[in-house]
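Open the model in a viewer with residue selection ready. The stops below are given in the order in which to select them.

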Amino acid sequence: MPDLRIAVLGVGIMGADHVARLTSRISGARVVVVNDFLTEKAEAIAAGIPGCRAVTDPLDAIADPEVDAVVLATPGPTHDKQLLACLEHGKPVLCEKPLTTDVESSLEVVKREAELGKRLIQVGFMRRFDEEYTQLKNLLDAGEFGRALVLHCVHRNPAVPPSFDSSMIVKDSLVHEVDVTRFLFDEEIASIQIMKPAVNPGAPEGIQDPQIAIMRTESGKHVDVELFVTTGVAYEVRTELVGEKGSAFIGLDVGLVRKGSPGTWGGTITPGFRERFGRAYDIEFQRWVDAVRNGINVDGPTAWDGYAAAAVCAAGVEALETGLPVDVKMVSRASIPGA
Ligand SMILES: NC(=O)c1ccc[n+]([C@@H]2O[C@H](COP(=O)([O-])OP(=O)(O)OC[C@H]3O[C@@H](n4cnc5c(N)ncnc54)[C@H](O)[C@@H]3O)[C@@H](O)[C@H]2O)c1
C-alpha cells in the first residue's frame with residue numbers, strides 16, 4: 001500500500017512536532033506539503049524533508065492533488081474554514097483541538113460532515129491514546145469498579161504565556177478534562193460551575209488562577225477539576241476515578257525514584273505536555289494514518305466530540321462570569337443523522 005501523503009498546516013509548536021513524528025516515528029505516511037502563515041517557517045521545514053514542498057495558501061495545500069490527508073495544527077480560529085475545505089475536497093483530516101472556537105461553527109462542521117455520509121474529521125484529543133487513560137477506560141468498561149460515581153482531576157502547568165486569560169483556562173486546559181470525562185463515562189456533560197478561590201499572587205495581573213470546575217454528567221456523576229496554570233513547579237495531570245467497587249489513580253508521574261546523598265530522594269519532574277503525552281501523540285498519529293490508509297478515516301474522537309467539548313467550554317466561560325452552575329446547551333445527536 002502506498003504511503004499516505006500528508007499536508008501539515010501550521011508548523012508552530014504542535015505542527016513542527018507532528019511533522020517530526022510523521023517523518024521519523026510513524027509508518028505508512030510522508031509529509032509532502034507544509035503550510036504556515038509565516039512562509040519562511042514552512043520553507044525551512046520543507047527544506048529538511050525529502051520530497052516535501054512549502055505551499056503558501058492553506059486552502060491550496062488542502063486542494064493539492066498530491067495530498068491525500070491533512071493535519072491541522074493552525075490556531076483554533078482558522079479551523080472552521082480549513083475543516084470545511086477538507087470536507088469539500090473529501091480529504092481526511094486530523095484537527096488539533098479545538099474543532100472550532102465557538103459552538104455554532106462546531107455544529108456547522110458536524111452537520112456538513114454528516115451530509116457527506118462519511119466521517120473525515122478526527123479531533124486531536126490525545127489523552128484518549130495515553131496508556132494510563134486507556135488502562136483506566138478498559139478497567140472501567142470491564143466493570144472492575146462497578147458503577148463509576150466520581151472523577152477528581154488536577155490540571156497544573158508551571159506557567160502560561162502572558163497572553164493567557166481566565167477564559168483560556170477553560171477553553172485550552174479544562175477542555176481536555178471535558179473530553180476525558182466524556183471518554184471515560186460515555187455520556188454528555190449536563191452542567192458546569194466554576195469556583196474562584198483566592199488568586200495565586202504569582203499569576204499575571206487579572207487572571208483568575210486557580211479555578212475549580214465542577215461538572216455533572218447527564219446521569220448525575222460528579223467531576224471536579226483543579227485548574228492551576230501558574231504553579232511555577234511542573235506539568236501535572238492527575239485523574240482519580242471513584243466507583244462503587246473501588247478507585248484508581250493515574251498521572252502520579254513517579255517514574256524512577258532515586259535515593260541520593262546527602263539524605264535526599266526523588267525523581268524527575270515532567271516539564272510539559274509534550275513530554276507527558278509524547279507517546280500518546282505517537283499512538284494517535286499511527287492509528288489515524290492506519291485508519292485513513294484502510295479507508296476508515298477516523299479512529300478516535302470525532303467532530304461530534306469536538307462540538308460537545310465546545311458546548312461545555314462555552315457553558316464553562318459563562319459559569320466563570322456568573323459563578324453559578326450553567327446548563328450545557330447542545331442539540332441532540334439523533335437530530336443529525338450520521339453525526
Ligand atoms: N493536543 C494538545 O495537547 C495541544 C497542545 C497545544 C496546542 N494544541 C492546539 O494546536 C493548535 C496549534 O497550537 P500551537 O501551540 O502549535 O500554536 P503556534 O502558535 O505555536 O503555531 C501555530 C502556527 O500556525 C501558523 N498560522 C497562523 N494562522 C495560520 C493560517 N491561517 N494558516 C496556516 N498557518 C497559520 C502560525 O504562523 C504558527 O506557526 C491549536 O489549535 C492549539 O489549541 C493542542
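The tour goes from the core to a strand residue, then to salt bridges and a surface patch.

This is a predicted model, in which local features need pLDDT of at least 70 and side-chain atom pairs count only at pLDDT 80 or more, while totals for chains, interfaces and linings use all residues. Residues are numbered from 1 along each chain as its sequence is written, and side-chain values use heavy atoms, with hydrogens and water left out.

**Core.** Select Ile121, Leu174 and Met215, which touch the most other members of the largest nonpolar core, a set of 83 residues. Such a core consists of buried Ala, Val, Leu, Ile, Met, Phe, Trp, Tyr and Cys residues joined through side-chain atoms within 4.5 Å. Buried means under 20% relative accessible area, exposed over 50%, and partly exposed in between (1.4 Å probe, protein chains only). Next show helix 10 (residues 303–322), which supplies the largest share of this core, 12 residues. Helices (H or I, at least four residues) and strands (E, at least two) are DSSP runs numbered from the N terminus. Around Met215, contacts (heavy atoms within 4.5 Å) beyond four places in sequence include Leu174, Ile189, His222 and Val312. A second, separate core has 21 residues, among them Ala42, Ile49, Cys52 and Val292.

**Strand 9.** Go to Ile212 in strand 9 (residues 211–217). Ile212 is partly exposed, at 26% relative accessibility. Its contacts beyond four places in sequence include Gln193, Pro197 and Glu226.

**Salt bridges.** The whole structure holds 25 salt bridges, each a side-chain nitrogen of Lys or Arg within 4 Å of a carboxyl oxygen of Asp or Glu. Select Arg128 and Asp305, whose side chains form one at 3.5 Å, N to O. Arg128 is in the loop between strand 6 (121–123) and helix 6 (131–141), and Asp305 is in helix 10, 177 residues apart. Are these two buried or exposed? Arg128 is buried at 16% relative accessible area, and Asp305 is buried at 8%.

Then select Arg276 and Glu132, with closest N and O atoms 4.0 Å apart. Arg276 is buried at 17%, whereas Glu132 is partly exposed at 29%.

**Surface patch.** Finish with Phe249, Leu252, Val254, Val257 and Trp265, a nonpolar surface patch with about 550 Å² of accessible area together. Val254, in the loop between strand 12 (246–250) and strand 13 (258–260), is exposed at 53%. Patch residues have over 30% relative accessible area and no salt bridge, with nonpolar side chains (Val, Leu, Ile, Met, Phe, Trp, Tyr) joined within 5 Å and like charges within 9 Å. Accessible areas come from the Shrake-Rupley method with a 1.4 Å probe, and for residues only the protein chains shown count as cover.
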